[in-house]
Amino acid sequence: PLEYIGDKLSLNVYIFHPLIGFVTLRLCQLLFGINLQAGLLGWLRPFAIVVLTIVFAQVLECINSRKPFARAKAD
């Protein structure tokens with residue numbers, strides 16, 4: 001799994017993680033009134049951003065490769 005993430009998803013993770021972090025922070029503040037930068041949530045936020053970014057990168061990879069949510073084999 002780490003080889004697949006590094007080979008296929010790393011560029012999308014690198015590009016989109018600041019945007020996903022910002023959107024997640026704003027949505028939680030506006031919709032739920034939760035401040036993700038305070039207390040224990042400040043420690044959990046980076047892990048949540050990593051997971052959301054990898055899922056987003058996987059969706060983009062599937063759309064680009066036209067394989068509906070099938071994990072492509074690394075060479």
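This is a predicted model: local features need pLDDT of at least 70, side-chain atom pairs count only at pLDDT 80 or more; totals for chains, interfaces and linings use all residues.
## Leu25 in helix α1

Helix α1 runs over residues 2-32 and includes Leu25. Leu25 counts as buried because its relative accessibility is 6%, and the cut-off for burial is under 20%.

Contacts beyond four places in sequence tie Leu25 to Leu36, Gln37 and Arg45. Asn35 sits 10 residues from Leu25 in sequence. In space, the C-alpha atoms of Leu25 and Asn35 are 7.6 Å apart.

## The aromatic pair

How many aromatic pairs does the model hold? The count comes to 1. The partners are Phe16 and Phe56, with ring centres 5.1 Å apart. Their planes meet at 80°, so the pair is edge-to-face; the cut-off for that class is over 60 degrees. The pair links distant parts of the chain, with Phe16 in α1 and Phe56 in α2, 40 residues apart.

Are these two residues buried or partly exposed? Phe16 has a relative accessible area of 23%, so it is partly exposed. Phe56 is also partly exposed, at 34%.

Helix α2 spans residues 39-65. Its 27 residues should span 39 Å at 1.5 Å a residue. The end C-alpha atoms are 40 Å apart, which agrees.

Where does α2 kink? The kink lies at Arg45, shortly before the proline Pro46. Its angle is about 35°. Arg45 is also one of the contacts of Leu25. After α2 comes Arg66, whose phi is positive, near 60°.

## The buried residues of α2

Six names make up the buried set of α2: Ile49, Thr53, Ala57, Gln58, Glu61 and Cys62. The cover over these buried residues includes α1.

## Cysteines and disulfides

A disulfide is a covalent bond between the sulfur atoms of two cysteines. How many disulfides does a search of the whole structure find? The search returns 0.

Cys28 has a relative accessible area of 17%, so it is buried under the 20% cut-off. Cys62 is buried too, at 6%.

Notes
Residues are numbered from 1 along each chain as its sequence is written. Side-chain values use heavy atoms; hydrogens and water are left out. Helices (H or I, at least four residues) and strands (E, at least two) are DSSP runs, numbered from the N terminus. Buried means under 20% relative accessible area, exposed over 50%, partly exposed in between (1.4 Å probe, protein chains only). Contact means heavy atoms within 4.5 Å. Rings of Phe, Tyr and Trp (its six-membered ring) pair if their centres lie within 6.5 Å; planes under 30 degrees apart count as stacked, over 60 as edge-to-face and the rest as tilted. The expected span of a helix is 1.5 Å times one less than its number of residues. The bend at a residue is the angle between axes fitted to the seven residues ending there and the seven starting there. A disulfide is a pair of cysteine sulfur atoms within 2.5 Å.
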